[in-house]
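Visitor: I would like a brisk tour of the contacts in this model. Show it to me, and I will ask as we go.

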Amino acid sequence: MSALLDISKLSLAFRTEKGPARVLDMIDLAVKPGEIVGLVGESGCGKTTLARAILGTLPEGLTEIGSGHIRLDGVDMLRGGKAAESIRGRVVTFVPQDPFASFNPLFRIGTQIADLMRWKAPRPEGRRWGGHRRADEDAAIAMLDAVQLPQPRAILAKYPHELSGGQRQRVMIAMALLPQPQLIIADEPTTALDVTVQAQILGLLRRLAVERGVSVLFTTHDLGAAWEICDRVVVMYAGQTAEIAPREAFFANPRHPYTRMLLDSLPEPGRDPVGIPGGVPSPLTPPGGCRFNPRCPRVTEICRETRPALAEHEGGHLVACHHPVTADAEALYV
Amino acid sequence: MDLVKRFARDKAALLGATLLGLLIIAAIFAPWLAPYPNDVFDFHIERRLLAPAPEALMGTDRMGSDIFSRLLFGARITLMLAGIAVGSALLIGVPIGLIAGYYQSWFSDALMRVAEIFLAVPQIVLAIAIAQTLGPSIQNVILALSLTYWPFWARLVYAETRSMRNEVFVESAVALGASPWRVIVLHILPNIASPIIVRTSIGMGATILTAATLGFLGLGAPPPTPEWGRMIAESREYLPEAWWYALAPGIAIFLTVLGFNLFGDGLRDILDPRTRRSV
Amino acid sequence: MNWLSMVANRLIWFVPTLLGLLAIVFTLSRVVPIDPAFLAAGENASVEQVQKVRERFGFDKPLPVQFLNYVRDVAQGNFGVSMFTQQPIVNDLATRLPATLELTLVAVLIAALIGIPLGVLCGLHRNSWLDHVLRVVTVSGLAVASFWFAMQLQFLFSMKLGWLPLSGRMEGFPPEPVTGLMVVDALIAGDGEALASALRHMILPAVTLALPAAATVVRFTRNGVIGVINSPSVAYQTAMGFPRRVIIWKYVLRMALTATVTQLGLIFGILLAGAVVVETVFDWPGLGAYAVRSILQSDYNAVMGFTLCTGALFVFINLLVDMLQAAIDPRGAA
Ligand SMILES: Nc1ncnc2c1ncn2[C@@H]1O[C@H](COP(=O)(O)OP(=O)(O)O)[C@@H](O)[C@H]1O
Ligand code: SF4
Ligand SMILES: [Mg+2]
């Protein structure tokens with residue numbers, strides 16, 4: 001199956017007062033139709049930047065594309081402009097990190113949904129304008145029902161501040177589904193929510209996406225969340241792709257030293273979590289070669305000089321490392 | 001220092017600093033810069049109302065005095081007047097705001113109510129009333145301005161202190177047994193200094209405008225004090241012939257206030273990120 | 001805070017605030033070094049005449065008693081008699097209030113009609129030449145002494161060019177007073193000549209008064225628009241592919257205007273303070289000019305009447321602004 005979203009060798013920098021911030025470095029990533037991909041990485045590693053690049057909403061004039069391309073349903077999203085605008089909200093939709101700030105506080109939920117549908121809902125040929133209000137409203141209510149919001153009609157009449165965070169994020173998911181997109185980008189959709197509702201929201205997102213055959217690119221800094229809903233996991237470190245693997249293989253058999261250490265740092269019964277010493281480097285002064293090298297226990301000279309290429313191991317398991325961990329080399333570095 | 005560099009990159013703020021520098025130079029060196037330093041008091045009726053010319057750069061006034069010379073001495077009055085007035089308003093308002101904000105009791109409510117009363121009418125009205133009651137003199141203008149300006153500071157500092165009161169570092173200082181005095185001076189004041197400094201610059205500009213207005217209405221220092229507002233008031237009778245008469249003092253007021261405002265805006269950008277003007 | 005308790009809170013503090021104001025001005029009026037009775041009786045009055053005046057006005061009683069008497073009178077709607085116009089102060093205020101209201105309203109209109117569109121334009125085209133030019137203009141508008149600006153306008157448009165009248169409110173006979181607002185009265189009377197005269201007299205003072213207010217409106221609106229454009233809600237709508245024009249002209253504009261409305265109280269304060277000076281320079285027969293004259297003539301009953309009137313107006317305007325804000329912002333007044 002050919003990829004719906006195809007990102008290859010994407011490098012990108014922001015112009016800042018202190019020089020270029022090289023936030024993304026040779027990123028490779030693909031999402032197939034109907035697939036749920038988790039993009040995992042520590043805060044500041046460039047997840048949101050990558051999401052904005054896919055959506056074509058990077059700050060104009062501040063962004064320098066170094067190399068690579070992003071193709072979404074065949075459209076070059078790095079070009080921006082009208083082509084990207086027509087893709088947004090139709091082929092790809094978005095679930096934001098902060099459902100509190102992402103609604104306009106002065107308009108009713110219903111108004112904001114109606115405007116989305118007015119411009120972005122798929123229309124049968126020849127009936128582009130007018131005559132859709134009732135149908136739109138029915139569709140919106142059905143969708144609010146699908147995201148398990150009680151009394152959907154009453155929700156339409158409410159203002160955002162009258163809803164709880166979880167309710168708002170359900171509305172956001174409904175809005176992401178309403179235009180019947182092929183891909184939903186969910187940027188840390190549960191980070192701002194109570195722990196108790198996080199799992200519900202994730203489950204809901206997965207179920208609805210699978211039912212409708214929509215692909216999801218889901219970013220998170222939480223490996224546990226990725227485990228719960230993803231088909232495939234992509235690990236980023238400081239703007240570089242570290243490892244890409246199907247979920248089972250990823251958790252059973254991590255190959256990249258960073259991934260390995262991340263998994264070890266998870267609290268687990270019978271073991272103390274092992275933290276990773278050091279911090280994420282600034283994109284203003286990234287280390288050469290593999291950006292993980294200052295923190296890596298397996299580092300050698302070549303790591304500082306050449307960026308490791310993403311190489312396929314077995315069964316779609318891709319790793320970018322000069323010295324990947326092998327399945328039986330369990331405690332090599334400890 | 002990083003702050004200084006950032007300030008220096010802001011052209012508007014630099015212009016403000018330059019204007020203030022010129023004002024201070026004019027005020028300090030007025031006796032040496034002025035072509036006719038004695039014209040603050042001297043008059044020469046035979047030279048009255050002369051248009052600008054090489055020997056009187058900005059013309060002469062109704063008494064034949066050199067307007068440029070008087071303007072330079074006026075810079076002294078303006079700076080001193082606004083400096084003392086804003087300074088005393090700060091000295092009254094800041095402690096009141098700090099204490100009222102720190103101790104939340106009926107007493108602080110009462111203090112703030114008094115401040116609100118002053119703020120319920122435009123400052124200029126109360127200032128005119130006080131200045132008129134006390135009689136025309138520079139001291140009384142200063143008194144009128146300070147008495148009507150402290151409530152602004154009290155309210156500002158009160159609000160800032162109230163929000164600081166719940167900060168973790170303040171609460172922990174209190175929990176560790178630091179005296180209220182110590183908490184206020186060492187923990188709260190340094191953290192609310194930025195907005196105070198920024199507003200002080202802008203407040204200087206506003207106070208200079210108010211003081212000039214009092215002078216214009218005849219409530220400032222008596223003649224022949226070269227106060228800019230009064231000079232403009234004197235010129236009214238001689239319009240439209242003596243067009244230059246009001247021009248120079250008006251522009252002097254404008255540039256001075258502009259200097260303080262731009263300087264304050266620049267300070268805000270580097271000191272007070274919460275209210276940072278978006279560039 | 002809900003709506004009713006907000007109004008109630010304002011009203012509860014209304015009376016103490018006004019009493020406090022009265023106490024301040026009353027104290028001032030009695031520390032004045034000149035015996036008010038002398039002033040009232042006139043320059044050539046004999047000692048007995050002065051004594052009579054003193055008794056008539058109650059100046060011989062102890063100060064607290066005088067104050068209480070005064071407050072009692074005020075509560076009954078009796079502000080006393082002006083020593084100079086020899087009119088009840090209530091009448092003086094009533095005849096002058098409409099002139100000030102008319103001038104202030106026109107200035108608010110000018111400030112809003114010019115300031116809001118310009119502020120929106122600057123916010124949308126940040127750092128454009130228009131933005132830079134307007135920044136210079138607004139910063140200057142706030143730095144210029146209004147009495148001086150007024151004189152320069154008079155010099156240019158009245159004395160030199162002769163296009164507009166120098167001062168006053170009307171030439172010839174004013175129209176039949178109905179509302180007290182000359183422009184409206186002239187319209188009601190269908191008197192074209194009076195209307196033209198009223199408008200011509202209005203221009204210079206209204207422009208002088210509007211200048212700092214317009215500068216404030218431009219700054220607030222501009223910064224409001226910029227703040228909203230950079231807000232997460234706009235980022236969300238952009239990511240969802242809402243058309244740019246819908247985002248700007250529907251969502252951003254509404255947010256920015258709401259923010260500007262919260263500043264109306266401040267703007268009204270600027271106008272009222274400005275009116276005191278502007279009315280004096282243009283001989284505009286309003287409250288501001290009346291106040292200055294009363295103060296300069298030590299006519300303290302008039303000063304107290306004016307102060308009370310202004311304080312009441314101020315409280316009232318702020319109440320209106322709060323209610324307006326509560327009405328247009330569903331989150332309610334903060
Ligand atoms: N507009 C920008 N200008 C400069 N640096 C930016 C900008 N946006 C993001 N960055 C930097 O890019 C890096 C990645 O940020 P982000 O994509 O938000 O990471 P994440 O979403 O993974 O937490 C951070 O170091 C951040 O400071
Ligand atoms: S490439 Fe080298 S530094 Fe980077 S993760 Fe692999 S071993 Fe570590
Ligand atoms: Mg992020």
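Guide: One definition comes before the tour. A polar contact is a pair of N or O atoms within 3.5 Å; within protein, one must be able to donate a hydrogen and the other to accept it, and residues adjacent in sequence count only if both atoms are side-chain atoms. Note too that the model is predicted.

Visitor: How many residue pairs are in polar contact across the interface of domain 1 of chain C and domain 2 of chain C?

Guide: Start with the bounds. Domain 1 of chain C covers 1-88 + 286-334, and domain 2 covers 98-284. Salt bridges between these two domains number zero. With both residues at pLDDT 80 or more, the residue pairs in polar contact across this interface number six.

Visitor: Which helix gives the most to the side of domain 1 of chain C that touches domain 2 of chain C?

Guide: Two helices of chain C, α13 (287-296) and α14 (300-328), each supply at least two residues of that side of domain 1. By class, that side has nine nonpolar, five polar and one charged residues. With nine residues, the top contributor is α14(C).

Visitor: How much area do domain 1 of chain C and domain 2 of chain C bury between them?

Guide: The C-alpha centres of the two domains of chain C lie 30 Å apart. Their contact takes 15 residues from domain 1 and 16 residues from domain 2. Carbon and sulfur atoms account for 76% of the buried area, which is about 1,300 Å².

Visitor: On to pairs of chains. What area is buried between chain B and chain C?

Guide: The size of an interface is often given as the accessible area lost when the parts come together. Here 43 residues of chain B are in contact with 47 residues of chain C. Carbon and sulfur atoms give 74% of the area buried between chain B and chain C, which is about 3,900 Å².

Visitor: Which three residues in chain B lose the most area to chain C?

Guide: Chain B puts 43 residues in contact with chain C. The top three together make 15% of what the chain B side buries: Arg113(B), Ile117(B) and Thr133(B).

Visitor: Which side chains meet in a salt bridge across the interface of chain B and chain C?

Guide: Five residue pairs, both at pLDDT 80 or more, are in polar contact across the interface of chain B and chain C. The salt-bridge count for the interface is one. At 2.8 Å, N to O, the partners are Asp265(B) and Arg219(C).

Visitor: Where does the largest share of the side of chain B that touches chain C come from?

Guide: Five helices of chain B each supply at least two residues of this side: α4 (106-119), α5 (123-134), α8 (180-216), α9 (228-235) and α10 (243-271). The residues of the side divide into 31 nonpolar, eight polar and four charged. The largest share is twelve residues, and its source is α10(B).

Visitor: What is the N to O distance in the salt bridge of Asp115(A) and Lys250(C)?

Guide: Chain C and chain A have one salt bridge between them. The side chains of Asp115(A) and Lys250(C) form this bridge, and the N to O distance is 2.7 Å.

Visitor: Last, the ligands. Which residue has a side chain with an N or O atom 2.6 Å from an oxygen atom of ligand 1?

Guide: The residues around ligand 1 include Cys45(A), Lys47(A) and Thr48(A). A polar backbone atom of Cys45(A) is 3.3 Å from an oxygen atom of ligand 1. For a backbone N or O atom of Lys47(A), the distance to a ligand 1 oxygen is 2.9 Å. The side chain at 2.6 Å is that of Thr48(A).

Visitor: How many charged residues does the shell around ligand 2 have?

Guide: The residues that surround ligand 2 include Cys290(A), Cys296(A), Arg298(A), His322(A) and His323(A). Seven residues of this shell are nonpolar and four are polar; the charged count is one.

Conventions
Residues numbered from 1 in each chain as written. Chains lettered and ligands numbered in written order. Predicted model: local features only at pLDDT ≥ 70, side-chain atom pairs only at ≥ 80, totals over all residues. Heavy atoms only, no water. Near = heavy atom within 4 Å. Nonpolar A, V, L, I, M, F, W, Y, C, P; charged D, E, K, R; others polar. Salt bridge = Lys/Arg side-chain N within 4 Å of Asp/Glu carboxyl O. Contact = heavy atoms within 4.5 Å. Buried area = accessible area lost by both parts, 1.4 Å probe. Helix = DSSP H or I, 4+ residues; strand = E, 2+ residues; numbered from the N terminus. Domains from an automatic or database assignment.
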